[in-house]
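Please open the model in your viewer and keep the selection panel at hand. The tour below moves from one selection to the next and says what is there.

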Amino acid sequence: MKRNGNMATSTHYDVIVIGAGPAGSTAAAILAECGRKVLILEKQKFPRYSVGESLLPYCYYPLQRIGALEKVQQASFIKKYSVQFASIEGQVSQPFYFFEHLKQEAAQTWQVWRSDFDQILLDNAVEKGAVVMEETMAKRLLRRGKCNVGVEVKVSDGSTRSLYAPITIDCSGRDAFSVKRNGWLIRDPKLNKISIWTYYRGGLRDEGYDEGATTVAYLPEKGWFWYIPLRNDVVSVGITAEADYLYREGKDIQKIFNREIGVNRWISKHLEPAERIRDFRVTGEYSYRSRYCASDGLVLAGDAFAFLDPVFSSGVLLALSSGEAVGAAVEAAFDAGDFSASRFKKYSTTLCDGIESMRKLVYAFYDDAFSFGRIFRKHPDLRSDMTDCLIGNLFRNFERLFKAIGEFAEVPEELNYGGPDTHVTELKDF
Ligand SMILES: Cc1cc2nc3c(=O)[nH]c(=O)nc-3n(C[C@H](O)[C@H](O)[C@H](O)COP(=O)(O)OP(=O)(O)OC[C@H]3O[C@@H](n4cnc5c(N)ncnc54)[C@H](O)[C@@H]3O)c2cc1C
């Protein structure tokens with residue numbers, strides 16, 4: 001395996017990928033398989049922790065495309081067949097069983113430890129020929145005129161090096177490396193929540209197909225818990241809500257978490273026999289999209305381009321799908337010998353359309369007037385469209401579904417940015 005620690009043997013590559021999460025490793029695998037000389041820069045040492053354990057069925061297809069599916073199937077992750085919703089009083093909705101809608105192997109997905117899952121994807125990219133430099137932080141984009149030509153990195157001994165490629169793919173996750181440096185970050189003001197989460201051992205699990213279900217358990221003021229069963233009797237449990245709601249009596253995270261457990265009967269019952277085994281983690285910075293998805297010699301994928309509230313577990317799917325799509329778009333750019341921003345117009349249009357479908361559903365979820373029951377009672381024929389959204393079949397037309405949802409809840413206007421930056425004037429080297 002070409003695992004180079006933090007010493008790249010060369011300074012010139014075909015492609016530099018920043019970040020070895022699902023987006024970066026997927027793009028790298030595709031391009032390495034095409035015979036491109038790919039360098040992945042990763043600031044951490046793998047395996048590394050990441051939140052985002054609950055996958056959607058449509059992750060199956062990009063995993064299959066990059067040849068990682070079998071490795072994921074063999075990794076003994078918990079099998080996930082459904083998602084269900086629990087009211088504050090503890091009543092559970094009829095689960096959405098993915099196999100009722102999707103009559104394929106893909107209907108069963110997984111609850112993964114991301115340290116293991118991301119390692120599988122990185123190893124897969126390396127097996128296909130990508131070189132990875134771990135503990136190597138991208139510090140600065142290198143520019144010639146208005147074109148990105150490489151990345152300055154800091155390696156673990158503190159020294160810096162300049163590495164060059166005609167195209168850099170930024171997959172740096174919520175660090176949003178280029179977005180923050182270019183001033184491209186635009187927050188979604190209505191989806192400005194925070195999350196607090198931790199891990200328990202010994203929480204109750206339902207039986208049979210429901211054992212590995214994701215449960216979304218409601219809190220007042222449109223807050224919610226996630227309850228994600230993982231391997232070794234561990235559950236990932238987190239809250240997403242408005243800061244004003246969570247911090248209404250102070251900022252002691254443990255007190256807040258325990259108080260909210262008491263608010264939802266399903267959660268309090270399922271955690272009664274459990275013991276907390278990890279510290280709490282907190283994050284804000286919810287839901288943003290970059291003003292641009294590309295400039296000359298640079299293109300963005302995964303959370304480095306856009307992040308959406310995690311209520312429907314769409315993050316890893318969007319990372320894998322955008323990694324796959326950007327890999328194909330960059331390969332086409334090689335064929336054309338053109339790495340200008342405008343090459344990535346179709347990539348960004350398709351990606352933004354998929355993100356918009358999920359964003360509309362997330363908006364509806366947070367609208368007081370929305371409930372799955374209300375929609376299905378009036379429009380039973382739309383259950384299949386809704387399930388398509390929930391399983392991650394996002395890259396199709398949902399006009400009818402959102403028209404119907406619009407009868408009950410706010411459906412936002414589509415964001416009119418996120419395309420390539422085709423008007424770049426002379427950029428400063430920063
Ligand atoms: C609270 C919360 C809960 C979530 N729950 C779910 C869920 O249940 N299901 C789901 O699908 N998604 C979930 N997500 C979203 C999911 O975590 C992300 O969408 C997904 O990890 C994005 O993958 P990525 O490859 O874009 O980025 P990441 O997985 O974040 O990978 C980015 C990589 O880039 C590296 N990096 C960053 N900056 C640099 C740099 N300057 N130089 C070198 N390397 C760098 C990082 O170390 C990291 O390894 C959740 C997110 C949050 C915040």
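A residue is called buried here if 20 or more other C-beta atoms lie within 10 Å of its own, exposed if 12 or fewer, and partly exposed in between, with C-beta atoms placed from the backbone. The model is predicted, so local features need pLDDT of at least 70 and side-chain atom pairs count only at pLDDT 80 or more, while totals for chains, interfaces and linings use all residues. Residues are numbered from 1 along each chain as its sequence is written.

**First selection: helix α1**

Select residues 22–33, which form α1; helices (H or I, at least four residues) and strands (E, at least two) are DSSP runs, numbered from the N terminus. Twelve of the twelve residues of α1 are buried, among them Pro22, Gly24, Ser25, Thr26 and Glu33. What covers them includes the strands β1 (15–18), β2 (38–41) and β11 (167–170), together with the helices α2 (60–65), α4 (114–127) and α9. Just after α1, look at Gly35, which takes a positive phi of about 90°.

**Next: Val38 and the core**

Select Val38, which, leaving aside its neighbours within four places in sequence, is in contact (C-beta atoms, placed from the backbone, within 7 Å) with residues including Val17, Ala28, Leu31, Ala32 and Val131. In the largest nonpolar core, which has 130 residues, Val17 and Val38 touch the most other members; such a core is a set of buried Ala, Val, Leu, Ile, Met, Phe, Trp, Tyr and Cys residues joined through C-beta atoms within 7 Å. Helix α9 (residues 315–336) gives the largest share of this core, ten residues.

**Next: the ligand**

Which residues come nearest to the ligand? Of the 39 residues around the ligand (C-beta atom, placed from the backbone, within 6 Å of it), these are Gly21, Gly52, Gly173, Gly302 and Gly315. Two or more residues of this shell come from each of α1, β8 (137–144), β13 (194–201) and α9, and α9 gives the largest share, four residues.

Colour domain 1 (1–77 + 112–191 + 287–430) and domain 2 (79–109 + 193–283) separately; the bounds come from an automatic or database domain assignment. Their centres, taken over C-alpha atoms, are separated by 26 Å, and the contact takes 24 residues from domain 1 and 21 residues from domain 2. Return to the ligand with this colouring: both domains give residues to the shell around the ligand, so the shell lies between them.

How values were computed
Contact = placed C-beta atoms within 7 Å.
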